[in-house]
4 protein chains.
Amino acid sequence: MEEIEVHELKKVKLNKPVLIEGLPGVGNVGKLVAEHMVQEMDAEKIAEIYSWHFPPQVLVNNDGTVRLCKNEIYAWKSKNQDLLIISGDQQSVTNEGHYLIAETFLDFAQQYEVSRIYTLGGYGIGQLVERQKVLGAANETALVEEMRKYGVEFREEEPGGSIVGASGLLLGLGRLRGIPAVCLLGLTSGYLVDPKSAQAVLKILCRALNLEIDMQALKDRAEEMEKVIERLKEMEQAQVPRMREEELGYIR
Amino acid sequence: MEEIEVHELKKVKLNKPVLIEGLPGVGNVGKLVAEHMVQEMDAEKIAEIYSWHFPPQVLVNNDGTVRLCKNEIYAWKSKNQDLLIISGDQQSVTNEGHYLIAETFLDFAQQYEVSRIYTLGGYGIGQLVERQKVLGAANETALVEEMRKYGVEFREEEPGGSIVGASGLLLGLGRLRGIPAVCLLGLTSGYLVDPKSAQAVLKILCRALNLEIDMQALKDRAEEMEKVIERLKEMEQAQVPRMREEELGYIR
Amino acid sequence: MEEIEVHELKKVKLNKPVLIEGLPGVGNVGKLVAEHMVQEMDAEKIAEIYSWHFPPQVLVNNDGTVRLCKNEIYAWKSKNQDLLIISGDQQSVTNEGHYLIAETFLDFAQQYEVSRIYTLGGYGIGQLVERQKVLGAANETALVEEMRKYGVEFREEEPGGSIVGASGLLLGLGRLRGIPAVCLLGLTSGYLVDPKSAQAVLKILCRALNLEIDMQALKDRAEEMEKVIERLKEMEQAQVPRMREEELGYIR
Amino acid sequence: MEEIEVHELKKVKLNKPVLIEGLPGVGNVGKLVAEHMVQEMDAEKIAEIYSWHFPPQVLVNNDGTVRLCKNEIYAWKSKNQDLLIISGDQQSVTNEGHYLIAETFLDFAQQYEVSRIYTLGGYGIGQLVERQKVLGAANETALVEEMRKYGVEFREEEPGGSIVGASGLLLGLGRLRGIPAVCLLGLTSGYLVDPKSAQAVLKILCRALNLEIDMQALKDRAEEMEKVIERLKEMEQAQVPRMREEELGYIR
């Protein structure tokens, strides 16, 4: 086994595609968006990536079969805009692996002459989100201005510090290769899978790509999560009846 | 020293053997089964595997001598079914090592033209097991159906998530090489060495391999463990007299 | 991507320069001094160093753009004394990386025929510093004597034990290459960024290099920190009114 | 820098020397013995070993100079028995490094045609030692018998489990190379540097090697430690006056 193995399943012809990355992370926001896109758009899997930098385990499918932890690349062709979409089970668990797998994605991007990269993720604020927002970062100043037009917020103090993992490294390492890249981070509590935040990110992305994607599946999941949150709130209030409403944000 | 060293002690001729892996893990279930089989069937050691991915220590034998941490491969010949059995002191302590040692086992399997792999382990449920069961996972859909016939349970929700270490990776990496593989996980509390769970796993395995193996040694160890558990229960009740019976499951 | 990538931006001619290292560490003392020097002296960036031993993340700038974690080398020319200054976002997060990146700095030092190295850092004492002091260590006995003249203290018991990271390794590995090197450690609490300690270190360094550098910017930051500390003290006293003054040192 | 660098300072001619290893570990027993021997016997340093598997730091000497973490090999010639002694500042901090550095020692041992290896350490029992004893382990059955004659105890249940680090690996890896090796472990509390345990180990070693070594320096250090322990006991009794004497063992 190689340190990183790219299993190409299919060669496709794409016209200056945009690359979208949505791997597991805070609130699973990025992965939710990428998987929703793959399903709704019926994108085609063209490559699988295995690596000993992923956790040493297999995941069990509902039918009793298993699969190795892997990342996957999908392709989607259309008249306006071709896409490459990266999603997967896990990110690297080693420091070195994070860098090398991001480089593997960029090799792939250059091979397909990718014109731009969007990396997707969540930005955890430690309490329930009142108003959905999408924060941004980019590897070129011009991209910051362009993204503001689509409703992305760039704040002096936030996302603050650093963007960890593939969503960050694709911007940083992409810059060294001259590939324009933007990171979109949906505000999220950070404690729960957040399909509502995923919707907010997807809306911006659709605007930027001039695409229309049905969001019903994400809305349904968001409603389910709302019920979970309601139940958690009730349990909490039953247990801690004297805790005031505004304090709940910190422990949910 | 190489990263992974295979010391072949003997070349044997085997007829499409089945490979059985039982290394240390939850409840030590897999190791108990593999070591019981080696002893009862008088299997012959044919290889030792050393690696700097094992813990940097030696183990002290009862006679005052020591041995390096290692994995071992045993061979057993019979009219019906030849076997290769993997057991050992430890699994890898590094991420990379888990993958590379599993690949080493698979190289070995291919060299001996292994027809199928059974990996054995425990599935910890966090409380004492009321009814022994064996859960399964496989790397081919057909194997799931076959295993159900032998009494293996495949549940939509369990083993749930992931199977860590050699027992999982041999399925996942084996699939990439086209080797059929099944994982059998005995239900166990997860807190104690569990020879009773090992018996349950061995029974299924014997059925699947059409083998008969005396289980007295495992029964004896299970009885000893029962006494240990009884004593632990008594100690607990003495200390926490007002704790209700059903709560004990969580802390045993 | 290479394990360590040196991106040389510019070749400069320097006359037996002195190398100064100030990377993040205790109280950020070293980094504060190095960055202050780069700014006040308008030193020129001549190289950037990237490595997969840095954290797998990008840092977000105030304008919404990002940068990879990196170390930087600056050059400064003058009639008396040319300088090379190393600063950066992070130090290695792996054991091996610490050694290899320090060796990269030393390769660079030898290429520029560096005559001496000063490494800068903080020495955390676990409580607020009453009297600013600078402790020293060196990789040659003669340097210890010379440094005492500039006000550096060498104590039998302190800095005690070890100097971790680039500030230590440049002395130790530098000795193997025959490059004289001194480490200057400003006393600091260890809990807060400490521009006051940075001033004390810079004063000594200016004396040793026979340089004059305006310190106003560091003084301003030190005053801001003083206010932060005052507020922390007040908050603490409000919360724990009965705690005696001398005990506060341990929890600040 | 190489992963492991052996700096040979001197070539000596030795007659089938015995190799003694005493590196830092439980109670620092092994290091105390090895360093005492080097000093009392005036052994000559013949090699230094540097590695990026040691901690990324320098140690500060009392005169203000620093040294890289390293291991050292000393030689001692006599009419009866030549010796090689390994001591040093640290052991590897990585899994792989433990194996590779032990292999480096064994390469050295084979180059000098070492006839036997003694590895020295402490065996922590979690309470103050009432009667000094030295437990043993060996990589050949014949050595177990021989060692019993010198007063080494081999117990079925102890040292129990495993011997971690160089003291263990030199036996295990030495066995693969056919070099006879014994590990001597002095009983010690495990909480404090233990020169008394070191004396017990040294006594056995002198008997086995038919050597006489003055132990006054170790006795002096042991007396100092006794005073420290007395003071700790007093402090403890002052704080927890109702705790019974036999319970103290667990918290000292």
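Modeller: What follows concerns a predicted model, taken topic by topic.

Biologist: How are chain D and chain B related?
Modeller: Chain D is superposed on chain B by a rotation of 90° with 0.0 Å of shift along the axis, at an RMSD of 0.0 Å. The two copies are therefore related as by a four-fold rotation axis.

Biologist: And which C-alpha of chain D is nearest the axis?
Modeller: That of Thr94(D), which is 7.2 Å from the axis.

Biologist: A change of topic: which strands form the open sheet, and in what order?
Modeller: There are three, in the order 10(C)-4(D)-5(D), with antiparallel pairing. On average, neighbouring strands are turned by 30° against each other, direction ignored.

Biologist: How many bridges join strand 4 to strand 5 in chain D?
Modeller: Three bridges join them, strand 4 covering residues 57–60. Within this pair, Val60(D) stands opposite Val66(D).

Biologist: Which helix lies across those strands?
Modeller: Helix 4 of chain C, residues 166–177, lies across strand 10 of chain C and strands 4 and 5 of chain D. Its angle to strand 5 of chain D is about 85°.

Biologist: How many residues are in the largest nonpolar core?
Modeller: That core has 188 residues, and those with the most contacts inside it include Ile46(D) and Leu84(D).

Biologist: What is Leu84(D) in contact with?
Modeller: Leaving aside neighbours within four places in sequence, its contacts include Leu14(D), Ile46(D), Ile73(D), Tyr112(D) and Val114(D).

Note on methods
Residues numbered from 1 in each chain as written. Chains lettered and ligands numbered in written order. Predicted model: local features only at pLDDT ≥ 70, side-chain atom pairs only at ≥ 80, totals over all residues. Heavy atoms only, no water. Core = buried A, V, L, I, M, F, W, Y, C linked by side-chain atoms within 4.5 Å. Buried < 20%, exposed > 50% of the residue type's maximum accessible area, 1.4 Å probe, protein only. Contact = heavy atoms within 4.5 Å. Least-squares fit on C-alpha atoms with pLDDT ≥ 70 in both. Pairing = 2+ DSSP bridges. Helix = DSSP H or I, 4+ residues; strand = E, 2+ residues; numbered from the N terminus. Axes fitted to C-alpha atoms, helices over the stretch in contact; angles between N-to-C directions.
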